[in-house]
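Visitor: Hi, could you walk me through this one? I'm new to reading structures.

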Amino acid sequence: MNEEHRKILEMLKEGKISVADAEKLLAAVGGPGTEAPAAPGGKPGWKYLRVLVEPGPGSESQDKVNIRVPMKLIRAGLKFAALIPQAAQGKVNVALKEKGLNVDLMKISPQDLEDLVANLNDMTVEVDGKDKVRIFCE
Amino acid sequence: MFPIWMRFKIRPEGKRGVSLWFPVILIWIILWALMLVLLPFMLLAAVLTWRRGPGLILLAVYPMLFSVLWNLSGLHVETRDAENDVLISFR
């Protein structure tokens, strides 16, 4: 329990706030029940990575994308990427750089993925005020 | 577990389209049979190229491919644009 949770509970105990207010405050500071159930390892037990693309208010097109990828598949895919020969790895990185992604895929470890997912709660990106891209785990 | 069914759906705008449940497990059976036949050659190639590097990679292909296919279940890709609705889902 962190300091914010303790203060809210103390305010509730002293009668300064109601139970309903305490619930709202706990939810606002990320209280119990707002996170995914923890896996045995202590990490959130996310099963799927979801990517939703929806047309925004300023979008002319009505294109929609709904992708659900099992997290285990991503982990397995990362391991599979290690099989890419050294000569091809350079080409992949150059191609990614040309697309504006200055990332070395071979340096992404399963631990990096775990850290990324652990911190990825619910992210919404608006592309040029047109499409809304929502990335989250469930 | 391995996905048993693959659902494929394509529906052009204003038309009825096609929805297909494909028993993808048939592909896995054929794939495993093929990989089993190739296994001795893969092992031989792995031993011959062990010192230069690729040998270890060749040995890792089987378990990694198994891992990817095993976790394919639950993959769901759905896109919709002005012309088509396309859905690919593994179950």
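Visitor: What should I know before we start?

Guide: This is a predicted model, where local features need pLDDT of at least 70, side-chain atom pairs count only at pLDDT 80 or more, and totals for chains, interfaces and linings use all residues. Residues are numbered from 1 along each chain as its sequence is written, while chains are lettered from A and ligands numbered from 1 in the order in which they are written.

Visitor: Okay, chain A. How many helices and strands are there in it?

Guide: Chain A has five helices and four strands. Those words refer to DSSP runs numbered from the N terminus: helices are H or I with at least four residues, strands are E with at least two. Going along the sequence, the pattern in chain A is α-α-β-β-α-α-α-β-β.

Visitor: And how much of chain A counts as buried?

Guide: It's 4% of the 138 residues of chain A. A residue is buried if 20 or more other C-beta atoms lie within 10 Å of its own, exposed if 12 or fewer, and partly exposed in between, with C-beta atoms placed from the backbone.

Visitor: Switching to chain B. What's the span of H1(B)?

Guide: Helix H1 of chain B covers residues 25–48, and its end C-alpha atoms are 33 Å apart. The expected span is 1.5 Å times one less than the number of residues.

Visitor: Where does H1(B) bend?

Guide: At Leu38(B), by about 45°, and the proline Pro40(B) follows within four residues. The bend at a residue is the angle between axes fitted to the seven residues ending there and the seven starting there. H1(B) is also hardly covered, with a buried count of zero among its 24 residues.

Visitor: What about H2(B), where's the kink there?

Guide: H2(B) has a kink of about 35° at Val61(B), shortly before the proline Pro63(B). H2(B) has 17 residues and reaches 24 Å from its first C-alpha to its last, close to the 24 Å expected.

Visitor: Which residues does Leu58(B) touch?

Guide: Leaving out residues up to four places away in sequence, Leu58(B) touches Met42(B), Ala45(B) and Ala46(B). Touching, or contact, means that the C-beta atoms of two residues, placed from the backbone, lie within 7 Å.

Visitor: Which strands pair up between the chains?

Guide: Strand S2 of chain A (residues 64–70) and S3(B) pair in the antiparallel sense over five bridges. Two strands pair if DSSP finds at least two bridges between them. Arg68(A) stands opposite His76(B) in S3(B).

Visitor: And how many bridges join S3(B) to S4(B)?

Guide: Five, and S3(B) and S4(B) run antiparallel. A hairpin through three residues joins S3(B) to S4(B), and Arg80(B) stands opposite Asp85(B) in S4(B).
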